[in-house]
Amino acid sequence: MEITLLIKNANQVVTSRGASEKPLSGTGQKALTVIEDGAVAVCGETIALVGSTAEVLDKIQVDDSTKVLDASGKVVLPGLVDPHTHVVFGGSREHELALKLQGVPYLEILARGGGILSSVEATRAASKEELIAGGIKSCQQMLAQGTTTAEAKSGYGLTTKAEIKTLEAIKAVDRAQPVDLIPTFLGAHAVPKEYKENPDGYLDVVIKDMLPQVVEKNLARYCDVFCEEGIFSVEQSRRVLMAARNLGLGLKMHADEISPLGGSELAAELGAVSADHLLVISDQGIENMAAAGVIGVILPGTTFYLCEDHYAPARKMIEAGVPVALATDFNPGSSPNNNLQLIVNIACLYLRMTPPEVINAITINAAHAIGRSEQVGSLEEGKMADLALFAAPNYDYLAYRYGTNLISTVIKKGKIVVEV
Ligand code: NIG
Ligand code: FE
């Protein structure tokens, strides 16, 4: 086997092996394999061997064509996976900061026609090319911070035309740069102003017009709904998700973020792959998600940015057996951050998750949350050679330092795509 790339002498190679079939939960959430003085050998686009530098050097042939990276003083992780983003959108919302500082709540800004609806206007007005350019720029930022795979939602179009335009833009962004994007249709993200008095009429359009076209054009893998007081009820969410499931899409939910409506229970009932946010999840919701194996995708950057004083009960969820993943929720309103490294800090400090639990939450469990666990999320022979090298003496250091991009090298499908 020809070794095209060899990373050797890493202070630590950190990964969770043997978890590609099932997400890690309970005490398993913190199961990490840490190889001191580690090495990873790559053949083309895939990982050929992972082990100590001595072991790997003993087993492989290195010749002039092998690119060799000395990773002394570095920690090697699987390329990071961000399982919840709204990375393609028009405009930005810095003007809402003043309202926020005056104490106007997030849902009140939306009720006044701002918030998500202001991004809807900007997204409708943008050309597909403009959306693609913005998406590429954001993906380049993500890549520079270690993210090599991400989920990407529509949901700022809210007409059939603008939702399709967004999903086509997501597909184009996926092809134009190294970060792999997994597309999610989020037509039920808000009630657009044309349907203010008739939300169920809007859901008819989502179900009868948008969903069939999205599926027919093969533009999404998942369907998501914003299940929230004043947005879509549990009943309305069920309607949309059941229609999506009948068409073969996987299910996700924005659930139990601001009001405890019971979105988590619905996610468990319908066999969703994940329920996301979960700040006010009930004990019943936790129990049902654990029993159904629904992944809890926690978005603590959003809680931070919305200045909420109550974070999702991550410890309770882990103890109850809910597999936990973490994501940025990158979007123009509630979380204009696309750096998973910052999520590592917030998750440790405010969710009280330990560094090993957090690392699994942004690698293998995140990969499970977007159906990519067979390809990415851990460093194992045969998986895609996606790696993030950090200028850090050990993995605890990633949770200890904050605000500085610690990436030194990013490798996507065996190619060096970022080098600092
Ligand atoms: O995940 N909660 C709903 N949707 C996004 C926010 C979108 C926005 O504010 O533009 C979220 O936080
Ligand atoms: Fe979101």
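## Terms and model

Helices, as counted here, are DSSP runs of H or I with at least four residues, numbered from the N terminus. The structure is a predicted model, and the values that follow are to be read with that in mind.

## The largest pocket

With that definition, helix 5 gives the largest share of the lining of the largest pocket, namely 4 residues. Helix 5 spans residues 128–144, and it is joined by helix 2 (96–101) and helix 3 (106–111), each of these elements supplying at least two residues of the lining.

The volume of the largest pocket is about 470 Å³, and 30 residues line it, with Tyr305, Pro332, Gly333, Ser334 and Pro336 lying nearest its centre. By class, this lining consists of 14 nonpolar, 11 polar and 5 charged residues.

## The second largest pocket

The second largest pocket has a volume of about 380 Å³, and among the 19 residues that line it, Leu110, Leu117, Val191, Pro192 and Lys196 are the closest to its centre. Two or more residues of this lining come from helix 3 and likewise from helix 4 (116–125), and helix 4 provides the largest share, 4 residues.

The lining of the second largest pocket is made up of 10 nonpolar, 2 polar and 7 charged residues.

## A nonpolar surface patch

Leu57, Val62 and Val68 together make a nonpolar surface patch of about 210 Å². Of these residues, Val68 is placed in strand 4, which covers residues 67–70. Val68 counts as partly exposed because its relative accessibility is 37%, a value that falls between the 20% cut-off for buried and the 50% cut-off for exposed.

Methods: Residues numbered from 1 in each chain as written. Chains lettered and ligands numbered in written order. Predicted model: local features only at pLDDT ≥ 70, side-chain atom pairs only at ≥ 80, totals over all residues. Heavy atoms only, no water. Patch = residues over 30% accessible without salt bridge, like charges linked within 9 Å, V, L, I, M, F, W, Y side chains within 5 Å. Areas by Shrake-Rupley, 256 points an atom, 1.4 Å probe, with all protein chains shown as cover. Salt bridge = Lys/Arg side-chain N within 4 Å of Asp/Glu carboxyl O. Buried < 20%, exposed > 50% of the residue type's maximum accessible area, 1.4 Å probe, protein only. 1 Å grid on protein atoms, 1.4 Å probe; cavity = no way out; pocket = protein on both sides within 12 Å on 5 of 7 lines; lining within 4 Å. Points joined across faces, edges and corners; volume = space filled by probe spheres on them. Nonpolar A, V, L, I, M, F, W, Y, C, P; charged D, E, K, R; others polar.
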